[in-house]
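Here is a quick tour of one protein model, taken a piece at a time. Have the viewer open and follow along.

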Amino acid sequence: DMLKLCHYNALFDICLSLSSWSLKKQVTVCGGAIFCVAVFSLYLMLDRVQHDPARRQNGGGNFPRSQISVLQNRIEQLEQLLEENHQIISHIKDSVLELTDTGAVSPSGQLPFRSANGSWVLPFDGRPTFLSVKPQDCQFAQGRRGQTDLQMLDVYSLLKFDNVDGGVWKQGFEITYEPGEWDSEPLQVFVVPHSHNDPGWIKTFDKYYTDQTQHIFNNMLVKLTEDPRRKFIWSEISYFAKWWESADMHKQEAMRKLILGGQLEMVTGGWVMSDEANVHYFAMIDQLIEGHQWLEKNVGVTPRSGWAVDPFGHSATMPYLLKRANLTSMLIQRVHYSIKKHFASTRSLEFMWRQAWDQKSSTDIFCHMMPFYSYDVPHTCGPDPKICCQFDFKRLPGGRVNCPWKVPPRAVVEANVAERAHLLLDQYRKKSKLFRSKVVLVPLGDDFRYDKALEWDQQYLNYQRLFDYMNSHPEMHVQAQFGTLTEYFTAVYKANNVPQGARPPDYPVLSGDFFAYADREDHYWSGYYTSRPFYKSMDRVLESHLRGAEILFSLAVAHARHTGMEGRYPTSDYTLLTDARRTVALFQHHDAITGTAKENVVIDYGNRLLHSLQGLKRVIINAAHFLVMKNKDVYRFYQTEPFLETDDRRATQDSLPQRTLIELDQSGPRYLVLFNPVEQDRLCVVTVLVNSARVRVLTEDGQTLPVQLSAQWSSASQMSAEVFQASFMVRLPALGLAVFHLYDSADTPMTLRSETLLRLSGRGQTAHAVDPLPLRSQTADPQPFYTSTQSLTLGFSGTTGLLESIRRKDDPQELKVQIQFVTYGTRSSKDKSGAYLFLPDGKAKPYSQKEPPVVRVVEGPLFSEVVAFYQHFQQTIRIHNVPGVDGLSLDVTTMVDIREQSNKELAMRLVTDIQNDDTFYTDLNGFQMQPRRRFLKLPLQANFYPIASQAYIQDSQHRLTLHSAQALGATSLESGQLEVILDRRLMQDDNRGLGQGLKDNKKTANRFRLLLESRSTGNKVVDSGPTSFPSLLSHLTSAILNHEVIALPVLPKKRGIPPLHTFAPFTGALPCDFHVINLRSIQHQDTHSPSPYTALILHRKGLDCGLETPNPGFNCTTTEGQLGLSSLFRNLDLQLLQPVSLSLMYSSPPMANDSSVSLEPMEISAFRLKLR
């Protein structure tokens, strides 16, 4: 009892010590205290029950001894919890962050009102929310990094980038050697035949397959079987799977035998050879899983080595993902010629590639960089293409392909074999001098090679004669053979006496990436970072839908199994998931998402993307239907009669989505199901289209929500009379579904109308209001105008209608953040910009048009927006008046249409007072940040980098981040600037094989969030090393931009709608530095249905805690990377928890079901779960 008294005293002490706090804080913490007291009362009561013998006898029937001991255990657990609670409360005492400082939250039930400064104050659920980031979770960003021998930023600083003529190896130097160098250790040569098959480029995927790829496989079966010494490597599983599905059992068995026997190696094993600049890490992982899962199921083989000969520059994310998938070695090819030359001269072409943020060496993977211009035969046997071309026997006289250096190959016969072998060996030896081991890799192939039986004979027979001659002449000191990629790597490890994948002694360690790529002169491949932005954007919409569909499908199937209803659930939706996975995977190909394919191929990709998007919406609807049913017994699935409508529709593959109209009528409510694809609770504004200006929105439990009613505009100044926008603030559960009721009802004080002001240039422009929405118009004047919410005040130019400044609630003064639009032209000389290359005609010029823009200013309690209408774009800047993440950044949408421009690129430039000098930061694949420096020694186009999700500039006071919902090219060309290219229209080919310009532009919506953050007082240090990390707020902002709420109206039913309820999958909150990359149903071994297993893929984000963290609007805590999975999923049992490699091919022993999993910052980990 004394113990209990102590606890009571402690609790009341806390409440007393809080008396100096504001009322809200007191309520928060004392509420916690009262809960504890209640728990103790229960304890006392049970205590009595146990110690009162009379009670025990009388009520013995009700309280058996076994239950008492269970209760005793429960109480011990409660005491433990209380102890933790005590710690939490003292922690809260130290780190409660108030939701608002200015009373922005009026008590629930109060109507929205305007405060003295003109900004709106809203009724709000007023749930106290706190932010608690453990100091340990902040140390990672400040930690010391292990030094690497080669940091790519330093290499850039060092190099002159002078394009000196190197002789026969144009971009290199003369290579010499001593004849006796191989006397003690002969040269080992591995000639690796390969065929590079683009899954769509000049032809569509299917046309390539029909015309060429299927013949490559069919000839491979015959020709490799003829001689066991013959080897081959293959990379694109998309093609291999297509061939396999049409092959008979004998062919499949023969192919499997070649693979398992080591003659044919599957390299990388992804669905495609992925681009590395524009792709998001979700899709990089997914296309790798798709390929590896297919190989595991059909062939039973696990890839060991990565092969990436054609992506246009290389990202540091790829080595990390390959390492996590248990590959041991990798190869890259398209790297800037100056870097290749530098690495060759220092014999650094083979290195351990380490992540910049890795404090140890756990992310190291062995990487081989090919030294010369291309992966074709003239550039792979050695430094002299004129000689190497003579050993590409497909180019023998009489064929279709010849040697541009005017010396054709000669068939190898008895009479010339000695001379030919010595000539070729000289090239092998010279190439070998660029590496540290006496093992040399010689790829033998090109695009779509080996499609004719004749070519197999020409290459394999002539090379075998050369090898036989070399190997039978010991004085040549060479051992030459056909080999696979892994055989080459294995020989390198063996020559260095280290295990597979280990760092050989003295081999360098490298960190950084290989953008931007130039293959010659100043031809930088930085145009494709933006080419065809319509599809780059559509790809990300599809990815977000795929992730959402995977997660909801996995949860729905698990819940159906749990309730014994899997027979009733449409598990056949799994085929739609598979189709969409494969479409997303296909589109990551380095001629698809890059925008570098022919126009008809682009249409083929577009149709696939649209088809899969429609399929995914079905999967989401079917899962949501099952999960929101209150009584699962009445659940019925009808294929022809969906329960929910989609949120939007796209008429064709190249049109923008049209939002679904919710038709309200007097007969009763329409129901709306909202899906939040983010793994944290979400407080945000949702907008739907309705057919009535009289709209009332209720929560599931009948509370009326404030609604902002706005116009749907048919043009800059014309409102629609039939359709209205209804916006309301919602709190949605993490990865969950919430239900709302919409009524057509007489006006309620909770429905507030947007006020619109049209700023016109005055030349005969008129505006017509539609009842009941107020509309004013005025002639624009040059004075700046402002709009504000509780968190932000924005200033706009009176002349341009574009953003000029941002002031955050707590900042004394505004910061200049000017948006400008500029255009680049292309050169007048021979080489011009095209799909790949950016070759501008000098600095950008300001975008100008004769007429001043129409500017529309809409203000209201939930959001305000300013829309500026220009001839080739319209820009909408919108701010949300809600507490937390959604209200702390600017929502920026730029609708671009440059279809009547020619040889122009349109860029959006931010001009600020931030003193970032020449340093800026761009992300790699949405996974990590890469510091960049603008170099004056490089041409303008060389300073552009890909952004998949964000770029920022910073100084000791501020950081300004441009978050992007699509991949684009970005740079900072002056201190204080950040710019991004929005679209490019180019009238000519740029001589890289495409044979077309970029003329098929679409009307494209580019979506961004602009986030301004302050460095907290103690943290004026700006990152200077090779790493930088977004803040927690920045990560959350990226999540809400990339995963919009999906609003699904319930279709009206004659027989009425059964009761629906919120579905919240988690019992508690996930740590807010964790991201659920995917919850992916794993395929069944023999059918097209899901197995009982699910892959959970988690990423723990790296955080920069040096920026002020406002309240995110939900409870946000970090846990030093610990996550308990056993009780995470509400109403589901976890029956298996097994760590697996990233592509699910390698399994570790299962963990105890009640174990916590632990992730380091930046770590991505995968687990096989069995949930039911």
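## Ground rules

Two strands pair if DSSP finds at least two bridges between them. Helices (H or I, at least four residues) and strands (E, at least two) are themselves DSSP runs, numbered from the N terminus.

This is a predicted model, so to speak of local features takes pLDDT of at least 70 and side-chain atom pairs count only at pLDDT 80 or more, while totals for chains, interfaces and linings use all residues. Residues are numbered from 1 along each chain as its sequence is written, and side-chain values use heavy atoms, with hydrogens and water left out.

## The whole chain

The protein has 20 helices and 54 strands. Of its 1172 residues, 62% count as buried (under 20% relative accessible area; exposed is over 50%, partly exposed in between, with a 1.4 Å probe and protein chains only).

Take the contacts (heavy atoms within 4.5 Å) with a separation of 6 or more: residues 24 or more positions apart account for 75% of them.

Strand 9 runs parallel to strand 10 (residues 329-332), with 4 bridges between them, and Ala308 sits opposite Ile332 of strand 10.

## Two helices packing

Helix 7 (residues 205-226) packs against helix 9 (residues 249-260) at about 60°, with the axes 10 Å apart. That pair is therefore oblique: angles under 35 degrees count as roughly parallel, over 145 as roughly antiparallel, 65 to 115 as roughly perpendicular and the rest as oblique.

On the helix 7 side, the residues that meet helix 9 include Phe217, Met220 and Leu221; on the helix 9 side, Lys251 and Met255 are among them.

## Around Phe1066

Where does Phe1066 sit? Look in the loop between strand 47 (1046-1049) and strand 48 (1074-1083). Phe1066 is buried, with a relative accessible area of 8%.

Not counting residues up to four places away in sequence, Phe1066 touches Glu679, Ala734, Leu735, Leu1128, Phe1129 and Arg1130. Asn1131 lies 65 residues from Phe1066 in sequence, with 9.0 Å between their C-alpha atoms.

Notes. Axes fitted to C-alpha atoms, helices over the stretch in contact; angles between N-to-C directions.
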